[in-house]
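Let's take a walk through this fold together. Please have the sequence and the model open as you read.

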Amino acid sequence: MRTLAACMLLLGAALPAADLGGTWMMEQAGRGGSQARKTYYYFKVDGNSFTGQMVSSTDNQRVQNGKIEGNSITFETQGPFNDRPRQMRAEFKGEELTISGVGGRGGRGNFTPPVYKKLSAAAAIPADLLPTHKPLPAVKPLPPNGLALTPPMGWNSWNKFAGRVEDKNVREMADAIASSGMRDAGYVYVNIDDTWEAGRDGSGNILTNEKFPDMKALADYVHSKGLKLGIYSGPGRLTCAGFTASYGHEEQDAKTFAAWGIDYLKYDWCAASGVYTKEEHAPAYYKMGLALRASGRPIVYSLCQYGWLDVGEWGAGVGGNLWRTTGDISDRWDSMANIGFNQNGREKYAGPGHWNDPDMLEIGNGGMTDTEYRTHMSLWSMLAAPLLAGHDVRTMSDSIKEILLNKEVIAIDQDKAGHQGVRIRQDGEQEVWKKALEKGAAVALFNRGKDAARMTVKWSEAGVAGQNPKVRDLWAHKDINAPGEYTVEVPSHGVVMLKVN
Ligand code: GLA
């Protein structure tokens with residue numbers, strides 16, 4: 001008995017090393033109209049260690065530091081854009097292999113790790129999944145396209161609707177943006193985010209899925225409301241949600257967008273890590289930048305690559321009117337505050353025609369208090385950030401409307417000089433920010449703390465000339481007499497925002 005057990009243990013230990021080498025594949029069904037996705041692992045075993053590659057339509061990573069110790073198989077995956085390698089483990093289940101991240105979702109109770117089947121010991125990864133390195137143009141910085149002279153304002157479907165965006169709710173949103181006063185306050189772009197795409201026709205033209213039966217008709221409708229229509233794609237094979245993206249069809253897609261009457265393109269990296277290297281990152285954005293310029297239609301170009309690779313340095317040159325500076329925002333105080341208050345230092349990249357984009361607004365989505373949403377609106381306006389609302393405009397409450405439609409605050413965001421505000425003082429959880437305006441300055445006193453706080457700003461530290469400037473509170477909508485300085489109580493997570501002349 002003991003010998004048999006020992007024998008089996010030995011056998012178990014010997015099996016993986018012999019069997020791991022080769023190509024393994026896992027297929028995930030498409031959900032909600034996205035494409036089915038295959039992921040391949042190719043392992044090359046050398047004794048008790050192995051290397052290899054992981055490739056999918058959305059990813060391409062090196063397998064490194066592979067170790068086989070008995071039944072325990074561990075390795076790392078390293079993609080060109082990851083700071084740190086991801087720790088992975090594999091396990092034989094009969095003829096199959098499960099592969100999952102260590103310490104990730106695999107740690108949670110009901111997570112079943114994906115199961116890979118062996119294709120063959122010799123087979124390599126299918127050629128059509130390997131990066132083909134479609135030729136990319138060398139970047140020669142483009143002159144401005146004359147658009148987005150102030151930060152773009154509008155609405156985007158993602159934060160509220162994600163995959164549920166469709167023709168009907170976009171039309172209803174356009175109606176509500178027009179009738180609520182949002183349009184007249186400047187919110188003119190109605191942007192469809194991910195999940196509108198289907199595949200391509202025989203000539204390679206991108207198709208809309210059943211949620212968007214006629215994009216041209218939708219654009220006509222949105223235009224008839226005095227609004228503009230935005231759309232979404234990316235440089236990879238697939239979008240972030242797994243729908244068709246523009247890889248290898250950039251010019252064709254730009255022409256299609258122009259023919260539909262599209263006015264704004266958000267171009268999202270995501271799966272492009274599967275086809276391009278770091279060096280190809282800016283050129284991939286430039287390729288679409290050139291294609292939009294050649295499309296014959298003025299289209300605002302929004303780069304979405306989460307602030308990687310010092311995008312402020314090259315974003316405008318590849319034709320971008322704005323570029324994301326962070327990962328995705330969520331409708332929580334911490335997420336909003338971490339993103340917003342971390343934008344200090346990027347001000348040199350912002351200006352008319354080219355803006356830093358700390359992601360879209362969550363105002364009205366229910367995860368923050370009105371006080372926190374006022375901070376969100378104030379902070380984004382101090383940052384000269386794009387103001388892209390992301391709530392259900394049809395059911396907006398009066399208090400949310402008051403926040404989004406505060407014309408005095410919007411005017412700070414939209415100031416023609418186009419300066420991004422900077423932090424002038426930080427005392428623990430209290431921060432004073434200043435934004436130079438065409439005439440005068442905006443000053444915001446933010447209290448990130450859990451308790452209300454008394455805060456003071458001296459006009460001299462805000463660079464305001466004279467001891468007795470004209471001061472206006474932009475949320476209370478009243479003028480203030482404050483010679484030399486101003487002291488005020490700021491609620492927890494709240495703001496007092498002033499215009500000083
Ligand atoms: C990424 C972007 C989001 C959104 C989704 C859509 O996560 O950062 O803003 O566009 O993709 O899939």
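How many bridges pair strand β21 with strand β26, and in which sense? Strand β21 (residues 441–447) and strand β26 (residues 495–500) are joined antiparallel, over six bridges. Within that pairing, Ala441 has Val500 of β26 as its bridge partner.

## About the model

This is a predicted model, in which local features need pLDDT of at least 70 and side-chain atom pairs count only at pLDDT 80 or more, while totals for chains, interfaces and linings use all residues. Residues are numbered from 1 along each chain as its sequence is written, and side-chain values use heavy atoms, leaving out hydrogens and water.

## The sheet and its helix

The open sheet has six strands, ordered β19-β20-β21-β26-β23-β24, with antiparallel pairing. Its edge strands, each pairing on one side only, are β19 (422–427) and β24 (478–480). From one strand to the next, the twist averages 25°. Here strands are DSSP runs of E with at least two residues, and helices are runs of H or I with at least four; two strands pair if DSSP finds at least two bridges between them.

Helix α10 (residues 370–382) lies across β20 (430–436), β21 and β26, and runs at about 140° to β21. Such angles run from 0 to 180 degrees between N-to-C directions, with axes fitted to C-alpha atoms, for helices over the stretch in contact (heavy atoms within 4.5 Å).

## Two nonpolar cores

A nonpolar core is a set of buried (under 20% relative accessible area, 1.4 Å probe, protein chains only) Ala, Val, Leu, Ile, Met, Phe, Trp, Tyr and Cys residues joined through side-chain atoms within 4.5 Å. The largest has 91 residues, of which Tyr187, Trp196 and Met377 touch the most other members. Helix α7 (residues 281–293) supplies the largest share of this core, seven residues.

Beyond its neighbours within four places in sequence, Met377 is in contact with Tyr187, Ile363, Leu387, Ile403, Leu404, Val409, Ile410 and Trp475. A second, separate core of 17 residues includes Val464, Ile480, Ala482 and Val500.

Note on methods
Buried < 20%, exposed > 50% of the residue type's maximum accessible area, 1.4 Å probe, protein only.
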